[in-house]
Amino acid sequence: LLRQHPDYKLYISGHSLGGALAIMTALELTPIVMKLQQQQQQHHCPVTCITIGNPKVGNNQFCRAIQTLEEEKKIRILTIQNKYDLVPMVPDPFWTCYVCSYSERSFHHAGWVMKLVATRRNDTYYIYHRKTSRKNKTNPVTFMKRLGQKLERYLIVFGSMHQIKKRHFYGTYVARLLSHKDE
């Protein structure tokens, strides 16, 4: 398709498990798209992947590969999450009994993350980039603080199990995003 339409850009998207698969597909297709663009001597355009409510996909090594491709402007990844949606929280080192959340054995989100946060006054969001650490150091104070934050978040999620389907529903994400269209 890109050979027939060299002016097209490649966007990959998905929700939930489809979002996780979209990230892996984007990573797999990036070298193919870059090679095709070089052969056709066309302007370099990164593969763009936008996911909604997907689980964590890869370990630190996977995230570093994504980060390197982002720095080279070959791929762009944006993950959109509701703050208390359970799916983006899994798999989590807390539940898999790993001591350090920066362990090579634990899973993380790659690229940019847009977290949608509901407050009593209005809906808001914040965006951050999950930069991977080249070193595997953990400060015990930081670990305990993060553990406390995770426990608090899990208590909120599990304390309102009846809302899990609503929080993960694609329509909920769309409605929350559309509420910010004028900003």
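Hi everyone, let's start in the loop between β3 (75–82) and β4 (112–118), where P91 sits. Helices here are DSSP runs of H or I with at least four residues, strands are runs of E with at least two, and both are numbered from the N terminus. What kind of peptide bond joins V90 and P91? The bond is cis, with omega at about -15°.

A word on what you are looking at. This is a predicted model, so local features need pLDDT of at least 70, side-chain atom pairs count only at pLDDT 80 or more, and totals for chains, interfaces and linings use all residues. Residues are numbered from 1 along each chain as its sequence is written, and side-chain values use heavy atoms, with hydrogens and water left out.

Now the overview. The chain has five helices and five strands, and along the sequence they follow the pattern β-α-β-α-β-β-β-α-α-α. Of the 183 residues, 39% are buried; that word means under 20% relative accessible area, while exposed means over 50% and partly exposed is in between, using a 1.4 Å probe and protein chains only.

Y11, for example, has T48 in β2 as its bridge partner. Together, β1, α1 and β2 make a right-handed β-α-β unit. To check the hand yourself, point the strands away from you: right-handed means that the path from the first strand over the helix to the second runs clockwise.

On to the next pair. β2, residues 47–52, pairs with β3 in the parallel sense over six bridges, and T48 has R76 as its bridge partner in β3. The chain crosses from β2 through α2 to β3, and this β-α-β crossover is right-handed. Is β3 mostly covered or uncovered? It is mostly covered, with six of its eight residues buried.

Let's look at some loops. S16 lies between β1 (11–15) and α1 (17–39), and its phi is near 65°, a positive value in a residue other than glycine. K73 lies in the loop between α2 (60–71) and β3, and phi of K73 is near 60°, also positive in a residue other than glycine. K73 counts as exposed because its relative accessibility is 59%.

G53 is in the loop between β2 and α2. Why does G53 count as buried? Because its relative accessibility is 0%. Leaving aside residues up to four places away in sequence, G53 touches S16, I80, D85, V87, P88, H168 and Y173, where contact means heavy atoms within 4.5 Å. G53 and F169 are 116 residues apart in sequence and 8.6 Å apart in space, C-alpha to C-alpha. For the chain as a whole, among contacts between residues at least 6 apart in sequence, 77% join residues at least 24 apart.

Last stop, helix α5. V174 is in this helix, residues 170–178, and V174 counts as partly exposed because its relative accessibility is 30%.

Methods. Two strands pair if DSSP finds at least two bridges between them.
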